[in-house]
Amino acid sequence: MPRSVRPARARVLMAVALSAAALLSACGQRPETGDGTSTGVAATPGEYETGGVIEYGHEQEPPCVHGGWVQNAYLARQYLDNLVSLDDAGTPVPWLATSWDISPDRLTYTFHLKPDVKFSDGTTLDAAAVKTNFDAYLNPDSPNGTVAAYIGQYYAGGEALDRTTYALHLKSPYSPLLTVLTQGYFGIQSPTALARGAEANCSKPVGSGPFVIDRWDRNRSITFVRNPDYNSAPANAKHQGPAYVDKVIWKFLKDPVLRYGSLTSGSSDVIYNVPPINWADATGRFQTRQYVTPGRPNAITLNVDHAPFDDVRVRQAFAYSADREKAVETAYLGVVPYNPNGALSQSTPDYDATAGAYVRDPAKAGRLLDEAGWTQRDGDGIRVKDGRRLSARVVYASDAIIGPEGAAVLQDVAYQARQVGFDIELVPATQSEYFGGRYAKADTYDAYVGYWTSPTPGLLYINWRQRLEDNPNPYNNAFYNDPSLQGLIEKANSSADPAEQRRYYSEAQKVIGDQALAIGLYTQTTSIAAQPKLHDVWIEKSQGEPVFSDARFVR
């Protein structure tokens, strides 16, 4: 049920939000949480074993194995190959495509495919298969929403020029294309398997990757088995050829205590999303990796469709009302970075650190609300204008997008906003409600919390392209329609000059920040901890996907 932050309730929530800090204060010191980038202990030296089973404790289970959520991208890395991969320097490198040509007008990308690659069902990987995939992902009757969001507005069509040559045509130049194609959503599936229909491809999609989906025990695990014929690893893999281990058991362990406990007990070899409270312990006992994922950080997007956030002064007052940096530091114990810019994460290329930096200033927030006409207060201390309270519903996906620490950050922000006269109602949505469209319409929320992982600032086009009746954009959660902002992003996306791209992307971020459309909170991160006996588990750079095809045990 929706929860409202009322006076007594707010005090309780604030106590929860600050419980970690209070405990630390009582002990006289804060725990050593370690650097978020710590690599932990060294891998155990020894002789490599043949085969073995990696048991991996993950957090979220998506409704289908393949889809458009980052949780799908994590899975895709295990059983699908893409046309290109992203190396540690952020450069697209060969994968299924050994090379590519870009036409002088930058409207056609011609990919030259590896020969002799087969999907695990025996179907041959060829240019026709690649075309079938893009046509399926962009089928207007059943699109992959994430693929369509990235390239749907640019995609003109594709064609198989010969067996191993595929041409992708664009309506206008789109500089982020190669980087976009490195994400798991763009993995190439068997056209034979795709023809089975949506239900079969939800539970057991087929690719040409290093592992094959053996079984999915819903609410428990997905079992991947080694693809013995694998011959199409990306150029940035640590080795070519089949995976070293026989099997990966991908367990869904949502409870953070249970997940970390499975690592310390030895029932898991690797876990995802190490709880902040356990990070210091993990760095002293296990190999650790943390990747600050590029894209949009966890941010509060303000809905400008209606009051109260249709007034920029009210939006700015909300941004000034809370010390977000301290809220994040308290909840995440310094392990996850604060990200003031609500448009892009600090690890995104062309990130502008000056955009959206509203330092807490309750007096300034009060003056802005006075100027906006919210001059009166009721008996609860909430500002009132024309008989209406300054209330706002903030919707977030509880335990799917926002975990316990993120919820504590929101509770802290809501509590502080109340001090200047806001009545913030935090509305936790279930995963199915959040992704199922319950909060799709403008009148169902006043603010919306979420992130969008992406390796390119071209993401701005997805989140801020206008939401028009004849050209809908469901990912513009602010309902902010500004042709000049869209124009800046389009110029950046189409430019071939990196300096010009950076200038336009920066200007776009400043508009979003100055208009207080998205209030930044913290970065989305991938963190893993692995047993010292398991070597070479790594995190790739497009989405922070864990990679197991190079991993192997030592005895």
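Reader: Glad to look at this one with you! What is the handedness of the link of Cys64 and Cys202?

Author: Happy to start there, keeping in mind that this is a predicted model. The angle about the S-S bond is -100° for Cys64 and Cys202. With that value, the link is left-handed.

Reader: Which parts does that pair tie together, and how many residues apart in sequence are they?

Author: The sulfur atoms of Cys64 and Cys202 are joined at an S to S distance of 2.1 Å, and the structure holds 1 disulfide. Cys64 sits in the loop between strand 1 (53-58) and helix 3 (70-79), while Cys202 belongs to helix 8 (residues 198-203). The pair therefore ties together parts whose separation in sequence is 138 residues.

Reader: Nice. Which residue forms a salt bridge with Arg77, and how far apart in sequence are the parts that this pair ties together?

Author: A search of the whole structure gives 16 salt bridges. In one of them, the closest N and O atoms of Arg77 and Glu540 are 3.8 Å apart, which falls within the 4 Å cut-off. Arg77 lies in helix 3 and Glu540 in the loop between strand 23 (538-539) and strand 24 (546-547), so the bridge ties together parts 463 residues apart in sequence. The partner asked for is Glu540.

Reader: Now for the domains. Which area is buried between domain 1 and domain 3?

Author: The domain assignment places domain 1 at 32-66 + 209-292 + 526-554 and domain 3 at 295-523. Their C-alpha centres lie 33 Å apart, and the contact takes 15 residues from domain 1 and 16 residues from domain 3. Carbon and sulfur atoms give 57% of the buried area, which is about 1200 Å².

Reader: Which three residues supply more than any other three of the area that domain 1 buries against domain 3?

Author: Together, the three supply 43% of what domain 1 buries there. They are Pro276, Val292 and Gln543.

Reader: Which element gives the most to the side of domain 1 that touches domain 3?

Author: Two elements give two or more residues to this side: helix 10 (276-285) and strand 12 (287-292). By class, the side has 6 nonpolar, 6 polar and 3 charged residues. The element that gives the most, with 3 residues, is helix 10.

Notes. Residues numbered from 1 in each chain as written. Predicted model: local features only at pLDDT ≥ 70, side-chain atom pairs only at ≥ 80, totals over all residues. Heavy atoms only, no water. Domains from an automatic or database assignment. Contact = heavy atoms within 4.5 Å. Buried area = accessible area lost by both parts, 1.4 Å probe. Helix = DSSP H or I, 4+ residues; strand = E, 2+ residues; numbered from the N terminus. Nonpolar A, V, L, I, M, F, W, Y, C, P; charged D, E, K, R; others polar. Disulfide = S-S within 2.5 Å. Salt bridge = Lys/Arg side-chain N within 4 Å of Asp/Glu carboxyl O.
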